[in-house]
Amino acid sequence: MNNDLDPALDLAEQLHELLRAAPAGISEFQLIQQLKARRSTHIPHLELADKLVLFRTHFLLFNALYRLREHLWGRQEAHLHISPLCVQLQPWRPGSVALAEHDPLRDYYLDLQHLRDTTERDVEKLLASFWTRMQGGDEKRAALELFELDGDRPLDLASIKLRYRQLVSQHHPDRGGSTERLQSINLAMEILQRYYG
């Protein structure tokens, strides 16, 4: 994947190295911290408290992750699970249609026009929209329903993780389940970790 002309590919190589060293997965924040510790020249070395710096750092990281995922998939080396809470190299599985499906996030992050055109005001709107959705509770309710957990009784992260493991075991593609269902379960777990973690 060596390409001295494309900084995004160089960043993807750095991320690949970090991910190989973290087989259980690593969060977006931890990846950023490790890149900064290595003095990577491909992300801003400014405080993430600035909303525009945060957006640009996040965008550059995810752009490189999606490029890395396509590279690894094309060479049948691995599948790259990408989410802010856990980025993880997973074994490549032949016959999966994961990259053939339309992925709006992939399309967004691979279009560098979004990086160039997004202003601080745009970032503020995105954050306000995010917090409005979070406070609405729809996301949490949907995740609890998917896990078949009653939101009225007391829940803790340990019981949610137990239920998560049960559902993954039940719906894993290697056991006859569907990739789409497993992805929904993983997303629901990320949502519930924010509420109960």
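**Helix H9 and the cores**

Mentor: Helices (H or I, at least four residues) and strands (E, at least two) are DSSP runs, numbered from the N terminus. The expected span of a helix is 1.5 Å times one less than its number of residues. Helix H9 (residues 179-196) has 18 residues, so at 1.5 Å a residue the span should be 26 Å; the end C-alpha atoms are 25 Å apart, which agrees. This is a predicted model: local features need pLDDT of at least 70, side-chain atom pairs count only at pLDDT 80 or more, and totals for chains, interfaces and linings use all residues. Residues are numbered from 1 along each chain as its sequence is written, and side-chain values use heavy atoms, with hydrogens and water left out.

Trainee: Which residues of H9 are buried, and what do they pack against?

Mentor: Buried means under 20% relative accessible area, exposed over 50%, partly exposed in between (1.4 Å probe, protein chains only). In H9 the buried residues are Leu182, Ile185, Asn186, Ala188, Met189, Glu190, Ile191 and Leu192. They pack against strand S1 (78-81), helix H7 (138-146) and helix H8 (157-171), where contact means heavy atoms within 4.5 Å.

Trainee: Which residues touch the most other members of the largest nonpolar core?

Mentor: A nonpolar core is a set of buried Ala, Val, Leu, Ile, Met, Phe, Trp, Tyr and Cys residues joined through side-chain atoms within 4.5 Å. Here the largest has 31 residues, and Leu15, Leu19, Leu61, Leu65 and Leu80 touch the most other members. Helix H3 (51-74) is among the elements supplying at least two residues; H3 gives the most, 11 residues.
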